Amino acid sequence: MSETVKAILDRKGREVVTLAPQASIGEAATTLNEHRIGAIVVTGADGGIAGIFTERDLVRAVAKSGAACLSQPLSSIMTAAVQRCSEETRVNELMELMTAGRFRHLPVEHGGKLGGIVSIGDVVKSRISEVEQEAAAIKAYIAS
Ligand code: AMP
């Protein structure tokens with residue numbers, strides 16, 4: 001069985017880069033670049049998930065409004081209906097959710113709060129190590 005989101009977060013950590021809905025798209029571009037990430041979770045005053053803003057949204061905003069978009073708030077372009085997963089979600093299910101939803105990021109909700117984020121990169125890493133372990137086990141079995 002594929003590993004859980006909890007196993008991924010135990011390895012990589014639970015820190016999530018967030019911004020408020022009033023933050024500008026220009027600020028978000030700087031934040032994405034500084035942290036070398038592809039997505040920012042937009043949180044409300046209560047710390048709850050209010051939306052998600054990714055590099056894809058940045059491209060869309062620039063294509064639509066040009067440089068003027070940089071002073072517009074994240075709330076004007078972010079995706080407000082955010083799909084989430086839990087620590088119990090397994091990698092196979094992450095792949096299905098990302099493929100069906102055509103996105104590469106899934107915030108993790110834990111105890112009603114934002115408790116991490118998994119990206120397609122985490123999914124690929126997990127699958128590769130799983131396949132490598134299976135191959136090693138098969139080789140060991142054949143050799144025995
Ligand atoms: P991505 O592939 O993650 O860069 O996202 C592609 C599009 O899907 C962007 O418009 C994002 O705002 C949106 N998106 C990303 N992650 C999610 C998510 N977990 N739930 C809903 N929409 C998302």
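Is Arg36 buried or exposed? Arg36 is exposed, because its relative accessible area is 78% and a residue counts as exposed over 50%. The structure shown here is a predicted model.

## Two loop arginines

Arg36 sits in the loop that links helix 2 (25-35) to strand 2 (39-43). Its phi angle is near 50°, a positive value in a residue other than glycine. Most residues other than glycine have a negative phi.

Arg102 is another residue with a positive phi, near 55°, and it is not a glycine either. This arginine is found in the loop between helix 4 (91-101) and strand 4. Arg102 is exposed, because its relative accessible area is 74% and the cut-off for exposed is over 50%.

## A buried threonine

Where does Thr89 lie? Thr89 is in the loop between helix 3 and helix 4. Although it belongs to a loop, Thr89 counts as buried, because its relative accessibility is 8% and the limit for buried is under 20%.

The side chain of Thr89 reaches the backbone nitrogen of Ser86 at a distance of 3.0 Å. Leaving aside residues up to four places away in sequence, Thr89 touches Glu3, Thr4, Val5 and Leu94.

Three strands form an open sheet in the order 1-2-3, and their pairing is mixed. Strand 1 (18-19) and strand 3 stand at the edges; each has a single partner strand, so one side of each has no neighbour in the sheet.

Strand 2 and strand 3 run antiparallel and are joined by five bridges. Within this part of the sheet, Ala39 stands opposite Thr54 of strand 3.

## Helix 2 and its packing

Which residues of helix 2 are buried? They are Ile25, Gly26, Ala28, Thr31 and Leu32. These buried residues pack against strand 1, strand 2 and strand 3, and also against helix 3.

## The ligand and its surroundings

There are 14 residues around the ligand, and Thr54, Asp57, Thr79, Arg104 and His105 come nearest.

In the side chain of Thr79, an N or O atom is 2.7 Å from an oxygen atom of the ligand. For Arg104, a polar side-chain atom lies 2.7 Å from an oxygen atom of the ligand. With Gln83 the backbone takes part: one of its N or O atoms is 2.9 Å from a nitrogen atom of the ligand. The ligand taken alone exposes 480 Å², and the protein buries 91% of that area.

Which elements give two or more residues to the shell around the ligand? They are strand 3 (49-54), helix 3 (55-65) and strand 4 (105-110). Strand 4 gives the most, with three residues. Sorted by class, the shell holds six nonpolar, four polar and four charged residues.

Terms used:
Residues are numbered from 1 along each chain as its sequence is written. This is a predicted model: local features need pLDDT of at least 70, side-chain atom pairs count only at pLDDT 80 or more; totals for chains, interfaces and linings use all residues. Side-chain values use heavy atoms; hydrogens and water are left out. A residue is near a molecule or strand if one of its heavy atoms lies within 4 Å of it. A polar contact is a pair of N or O atoms within 3.5 Å; within protein, one must be able to donate a hydrogen and the other to accept it, and residues adjacent in sequence count only if both atoms are side-chain atoms. Accessible areas come from the Shrake-Rupley method with a 1.4 Å probe; for residues, only the protein chains shown count as cover. Helices (H or I, at least four residues) and strands (E, at least two) are DSSP runs, numbered from the N terminus. Ala, Val, Leu, Ile, Met, Phe, Trp, Tyr, Cys and Pro count as nonpolar, Asp, Glu, Lys and Arg as charged, and the others, Gly among them, as polar. Buried means under 20% relative accessible area, exposed over 50%, partly exposed in between (1.4 Å probe, protein chains only). Contact means heavy atoms within 4.5 Å. Two strands pair if DSSP finds at least two bridges between them.
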